[in-house]
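Grab a pencil and work through these exercises with the structure open beside you. Try each task yourself before you read its solution.

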Amino acid sequence: MDAPSASVVETVCGERIADPYRPLENLKDPAVQAWYRRQADHARAVLDKIPGRNELIAKMVEFDKRRPEKIYNLSITDNDRYFYLKQTPADETGKLFFRKGYNGKERLLFDPTTYKDGSGGAFVISRVSPNIDGSKVVIGVSPNGSEDAMLFVMEVKNGHIFSERIDRGRFASPSWLPDGEAFYYTRTNSNDLLDKDRQKDSRVWLHRVGADPSTDREIFSRTHDPELKIRSEDIPYVSYDRKSRKLYAFVSSVDPRITAWYADEDAIGDSSIPWKPLFRPEDEVYDFAATKHDLYLFTPKNAPRFKVLKTSLDQPDLATAETVIGEPAEGTLTALALTDGGLFYTISTNGVREDLYRLDYDGKEAKKIETPFEAGTMSISSKGFDKPELWTIMGGWNHDYRRYRYDARRERFIDETLSSKASYPEYDNLEVREVMVPSHDGVRVPLSLIFNRGMKKEGKTQVLIYGYGAYGNSMTPFFSPSFLLWTHRGGMIAVAHVRGGGELGDDWHKAGMKSNKPNTWKDLIACAEYLVRESYTSPEHIAINAGSAGGILVGRAMTERPDLFAAAMPQVGVLNALRSEFSPNGPVNVPEFGTVNDPVECKALLEMDAYLHLRDGVSYPAALITAGMNDPRVPAWQPAKFAARLQEASASGKPVLFFTDYKAGHGIGDMKTKQFESLADMLSFGLWQTGGGDGGKAAE
């Protein structure tokens, strides 16, 4: 199945670079599309025959039926109106429900399966934004994993849907104004996935409920506010904060450092809002919370494990800001929430254990709060500085998620888990071991091992190494019965907390960015070598998996050490990093990976490009490479080019499957059945190639 190719050679980073599969970037070419289809059909035929795949899906369905209701994407208004998505075993996607208070009677507001636009697309709810009193709600629906939201407004009391429709809402982030009749939202230039400028010069608009969107007023953008020197690739947002009674304007990329301005709420009606500077990138503010007069700033500046500062909201001055929560001596400060009873915050140890603390506003000694169980991961939320509620969601590798409300006055946790509880006795025998593995440069990398008690260290265990390593995102413990099916089949899951993530603070992130990016895949290689050295497994029993930016991790690990892995499964992965900048979502990712326009960063992109590191005649691992034709984040041609070159180059004789899903995107917004099938493809392929079943020969 020869892929369309051409003799494309160009000078990049001062080097002559051959890019033989450049034609695969032209997704409008019928010959190119025919190749994608042939590859998908072949991959589907092989995957469907892998022994045990159907049994994995059946088990996932059975797991799903144990929980009558799964509730997620919860929003709670100040007057205690709950908006959330609920999915039952009969549902392919979540429906929007509403109730008054935790114990209130719920009511169905919107079922996305009833939404039709004539395209035949399968829609999911991708946006739910109630106004301040919960009387109206903006609902966004997106088709086929595209993330391109169509917005409309519903009157909650009677379910009336207003006539207007607002398209191009991928980054919409509606923010309601105090009258509850208007909101700000962000709009891209087009919904065309192939338009490389579709995200550039996005704009913020003001919409009044019931009005024709064509009459909406532009509020904030590069062209509207030229004095602010906004870059065309940055995504603008404007939000109204009812607590501080301020307007905030932001420009966003993947850079965690906030760039923001603010204005008093009486400027809401102004045609040109008099924005005052609030944060610049050099201030290194990653998050903030406001009261009526104070700003609390979450920052790693001179504190790589983060600290919290306080300054005046009326006259912010970061140079004289007071430290209210200092950098932890051990662990990393991970979250902050304000209530009327003080500041609550979490500290993580190596990204795998999270503890909760409380500090009074008078700044006296912080107190650690004993939680109902030792949490591997924890998120906290509140209604703000003037309300008592604090909620936590806690979970772990082998502990299902629980949602609690913390009663600060009585110092107790009240279980307010909205989803139905379920038991999974299949995993009662799981053991979790957290170890630190020396990497290529001596730096110790956290590695989480999940396996069945009594597993013998005979070098034969089938191991799935999972990781990510980008954007400062931590691979905190998560409970997924379906993902754990790898252990149910007798294998071990090893989660490598590689550099580029945030498990050990901001420095850990920066140690896996741009020119430091090789640390990311070298950390994974070190973890694999550790597992072999300790006789847990051997190279012929190791599979590696990651998605999206984790494609760099998997792609470069397998190209640098093809002898160390039996299988590699990059899903919708960044595998042609040197060309990423030329895709619609590429420019906003420059702060993380770099630009070809900078000589040093260009070399870094070249080094992290797995496609360009493939060499003829090398015995590469088996590979399952996936793409989504509607993917707005990583275009399908990135994994396609890697797959085509790997099929050509590999001398191992092992299968190289490339599957493009034409009804999916980046995995966000997939229907439940598609989620099960995608996970089963990955697990069964990995088990097949690491020694599961009967070796998988029947699948060919």
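**Exercise 1.** In which loop is His497 found? Then work out whether His497 is buried or exposed.

*Solution.* Keep in mind that you're looking at a predicted model.
Step 1: look for the elements on either side. His497 lies in the loop between strand S33 (492-496) and helix H4 (506-510).
Step 2: check the relative accessible area, which is 0% for His497. Buried means under 20%, so His497 counts as buried.
Step 3: see what His497 touches. Leaving aside residues up to four places away in sequence, its contacts include Val352, Trp397, Met475, Glu503 and Trp508.
Step 4: pick up Trp508 again. The charged end of Arg499 sits over the ring of Trp508, 5.8 Å from its centre.

**Exercise 2.** Classify the ring pair of Phe63 and Tyr427: is it stacked, edge-to-face or tilted?

*Solution.* Step 1: know what to look at. A pair of aromatic rings is described by the distance of the centres and the angle of the planes.
Step 1: the structure holds 34 aromatic pairs. In the pair we want, the ring centres of Phe63 and Tyr427 are 6.1 Å apart and the planes are at 50 degrees, so we call it tilted.
Step 2: find the two partners along the chain. Phe63 belongs to helix H2 (residues 53-65), while Tyr427 is in the loop between strand S29 (412-415) and strand S30 (430-438), and the two are 364 residues apart.

**Exercise 3.** Which residues of helix H8 (residues 599-607) are buried?

*Solution.* Step 1: go along the helix. Glu601, Cys602, Ala604, Leu605 and Leu606 are buried.
Step 1: ask what covers them. The cover includes strand S1 (9-12), strand S2 (15-18) and helix H7 (590-593).
Step 2: inspect the start of H8. There, a side-chain oxygen of Asp598 comes to within 3.0 Å of the backbone nitrogen of Val600.

Key: Residues are numbered from 1 along each chain as its sequence is written. This is a predicted model: local features need pLDDT of at least 70, side-chain atom pairs count only at pLDDT 80 or more; totals for chains, interfaces and linings use all residues. Side-chain values use heavy atoms; hydrogens and water are left out. Buried means under 20% relative accessible area, exposed over 50%, partly exposed in between (1.4 Å probe, protein chains only). Helices (H or I, at least four residues) and strands (E, at least two) are DSSP runs, numbered from the N terminus. Contact means heavy atoms within 4.5 Å. A polar contact is a pair of N or O atoms within 3.5 Å; within protein, one must be able to donate a hydrogen and the other to accept it, and residues adjacent in sequence count only if both atoms are side-chain atoms. Rings of Phe, Tyr and Trp (its six-membered ring) pair if their centres lie within 6.5 Å; planes under 30 degrees apart count as stacked, over 60 as edge-to-face and the rest as tilted. A charge sits over a ring if NZ of Lys or CZ of Arg is within 6 Å of the ring centre and within 35 degrees of the ring normal.
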